[in-house]
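I opened the notebook to look up how the two chains meet, and after that how one of them is built. The entries follow in that order.

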Amino acid sequence: MRNKYIENFEKAQTAEKNIPDFRAGDTVRLAVTIKEGSKTRTQNYEGVCIALHGEGTGATMTVRKIGANSVGIERIFPIYSDSITDIKVIRRGRVRRAKLFYLRDLAGKKARIKELRK
Amino acid sequence: MEYIVEKIGMSRTITVPAKPVTLLRVVEAKVCEVTDGVAIVAYNSGKKMNKTIEGQQKKYNLSAEFNRFVTLSVANSEAGDLDLAPLSEAKIIKSSFNTKGRGFTGVMKRWNFGGGPAAHGHRFHRTGGSIGNAEWPGRVMKGRKMAGHHGNSKNSVKNEILSFDAENGVLAVVGSVSGPNGSLGRVKVVK
């Protein structure tokens with residue numbers, strides 16, 4: 001159980017954030033603001049969320065995608081950070097664990113995740 | 001203005017760049033007696049009780065839980081609840097806490113000595129080594145860094161105030177303060 005004062009402090013910050021409900025296995029698209037010198041721009045990053053870590057303002061997610069030359073790319077994002085302007089859930093996956101690190105060892109068709117059907 | 005506070009723990013903000021935040025709870029306190037802005041203040045800590053404390057409580061009409069007394073500079077002009085108003089306008093505080101006690105500690109941890117190589121027949125690992133010359137001066141110089149008790153000493157840092165929640169008495173300051181969570185310390189309004 002977390003301390004109630006810490007929880008209140010963090011809730012006040014995260015309350016206005018509109019974060020969709022998602023879990024490991026879901027395909028998400030993030031809008032990440034990037035600052036280059038004096039310019040800021042938004043870059044989209046799309047991939048499979050393979051793990052959620054932590055709670056409160058420090059919560060993070062690991063998003064994996066396959067980049068050019070089929071090189072796996074994993075980035076860890078702080079979910080509530082102001083640098084993440086938007087999170088969209090594109091596809092819900094049917095998975096049986098909370099951390100999908102096994103995807104790192106799989107390639108091609110084996111690395112697919114079935115879509116969740118209700 | 002000074003206050004007795006309890007270190008609650010640390011958190012962070014979601015701004016870019018994120019700031020590390022320490023939460024401090026202002027301990028409920030009663031001003032007993034004020035002379036020129038300096039007051040005897042009673043607060044609660046633990047269950048310590050003896051006849052001296054009982055006598056003081058009777059003198060100042062305090063309830064039984066206020067069993068500790070300190071001298072603080074306060075904003076109050078008369079006895080009553082401690083005035084928290086200066087904290088909402090304050091920008092920088094100086095927070096003094098006791099650091100975590102580390103017990104009897106060797107020189108590598110206490111004074112950052114380098115130590116020696118670990119293997120290949122070395123016999124100089126973590127010991128302090130030589131502590132001075134020989135017949136002259138025939139004594140160890142004062143201030144020699146040696147093993148001994150480390151930690152549990154007062155440490156003060158200046159912190160910027162991020163926010164103050166007057167309802168719960170929770171002060172959020174940027175950066176860290178010394179000591180374990182739950183320990184009591186003193187906060188002084190600097191600016």
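This is a predicted model: local features need pLDDT of at least 70, side-chain atom pairs count only at pLDDT 80 or more; totals for chains, interfaces and linings use all residues.

I first looked up the interface: chain A and chain B bury about 1,200 Å² between them, 67% of it on carbon and sulfur atoms, where buried area is the accessible area (1.4 Å probe) that two parts lose on being put together, summed over both.

Residues are numbered from 1 along each chain as its sequence is written, chains are lettered from A and ligands numbered from 1 in the order in which they are written, and side-chain values use heavy atoms, with hydrogens and water left out.

I then listed the residues in contact (heavy atoms within 4.5 Å) and found 14 from chain A and 17 from chain B. I also looked for salt bridges (a side-chain nitrogen of Lys or Arg within 4 Å of a carboxyl oxygen of Asp or Glu), and the count between chain A and chain B is zero.

Turning to the fold, I recorded for chain A one helix and five strands, in the order α-β-β-β-β-β from the N terminus, taking helices (H or I, at least four residues) and strands (E, at least two) as DSSP runs. The C-alpha trace of chain A spans about 45 × 40 × 25 Å along its principal axes.
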